[in-house]
Amino acid sequence: MEKQLNFVKNGVLRLPPGFRFHPTDEELVVQYLRRKVFSCPLPASIIQEVDVCKSDPWDLPGDLEQERYFFSTREVKYPNGNRSNRATGSGYWKATGVDKQIVTSKSHQVVGMKKTLVFYRGKPPNGTRTDWIMHEYRLVNVQETVAAAACPHQHLAQDNWVLCRIFLKRRSGKKDEEMVKSQNCKTKSGEMQGKKSGVVFYDFMAKERTDLNLAPVSSSSGSSGITEVTSNNDSDDHEESSSCSSFSASVRRKTWL
């Protein structure tokens, strides 16, 4: 029997250098949660069994800066109900949005559901929203999929197992807005300093537009130059004709004499 790899040491995930654990929703449900529910061997011992509602999200084992994965059991809030008890020591997990179906990529069958929850500090309904997010994965129709699961321990199926992914949401949008505002303030201050110091800014695009607008004027000036040249030629012709007429007149006088 192959030995199962264990990457959890002292409650902390320890992967070899260069390895990252970034499974898809389908892999979490099919390869990990379903095997856990049917007591089948897991691909690797990488997800711990922790009751996520017994501790606050920042007190759970693992690196707070990374996504953390846990197998947990759902605790019923009321004896005769189906609602889960998600209260912790400092607050509670509250579901938000609509549950998403997890569909296999090959057969396009619905194998699980994903519920998104947000952690609130305090007691409901006056809790304060935080940036802690949890994705809770569960199987659908566990009893119907027992026959389809290729596991030798089908009779040990436990449908109360869920797989939780917990992470701290990063507010990158606010940081980007603050950076843009600071850059705008620096630009405005630079423009004000330029005005005070008497620095002149030239708009080269405007200059190009001005040159384009002056193009017809230059052509007209050229045409006027041509007109002047023709007028000069006309005057020269006039002078030549007058000189010729005076020469012919002198010749006539000599013949008469």
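Modeller: Please note that this is a predicted model. F21 has a relative accessible area of 15% and is buried, because the cut-off for buried is under 20%.

Biologist: Is Y69 buried or exposed?

Modeller: Y69 counts as buried, at 7% relative accessibility.

Biologist: How many aromatic pairs are there in the whole structure?

Modeller: The search finds 6 aromatic pairs. One of them is formed by F21 and Y69, edge-to-face, with 5.1 Å centre to centre and 85 degrees between the planes. F21 lies in the loop between β2 and α1 and Y69 in strand β4, 48 residues apart, and the pair thus links distant parts of the chain.

Biologist: Which residues form a cluster with F21?

Modeller: F21, Y32 and Y69 make up one aromatic cluster.

Biologist: And how are the rings of F71 and W161 arranged?

Modeller: Their planes stand at 75 degrees with the centres 6.4 Å apart, so F71 and W161 are an edge-to-face pair. This pair also connects distant parts of the chain, with F71 in strand β4 and W161 in strand β8, 90 residues apart. Both F71 and W161 are buried.

Biologist: Where does K36 lie?

Modeller: K36 is over the face of F71, 5.4 Å from the ring centre. Its charged end also sits over the ring of W161, at 5.0 Å from the centre.

Definitions and conventions: Residues are numbered from 1 along each chain as its sequence is written. This is a predicted model: local features need pLDDT of at least 70, side-chain atom pairs count only at pLDDT 80 or more; totals for chains, interfaces and linings use all residues. Side-chain values use heavy atoms; hydrogens and water are left out. Rings of Phe, Tyr and Trp (its six-membered ring) pair if their centres lie within 6.5 Å; planes under 30 degrees apart count as stacked, over 60 as edge-to-face and the rest as tilted. Helices (H or I, at least four residues) and strands (E, at least two) are DSSP runs, numbered from the N terminus. Buried means under 20% relative accessible area, exposed over 50%, partly exposed in between (1.4 Å probe, protein chains only). A charge sits over a ring if NZ of Lys or CZ of Arg is within 6 Å of the ring centre and within 35 degrees of the ring normal.
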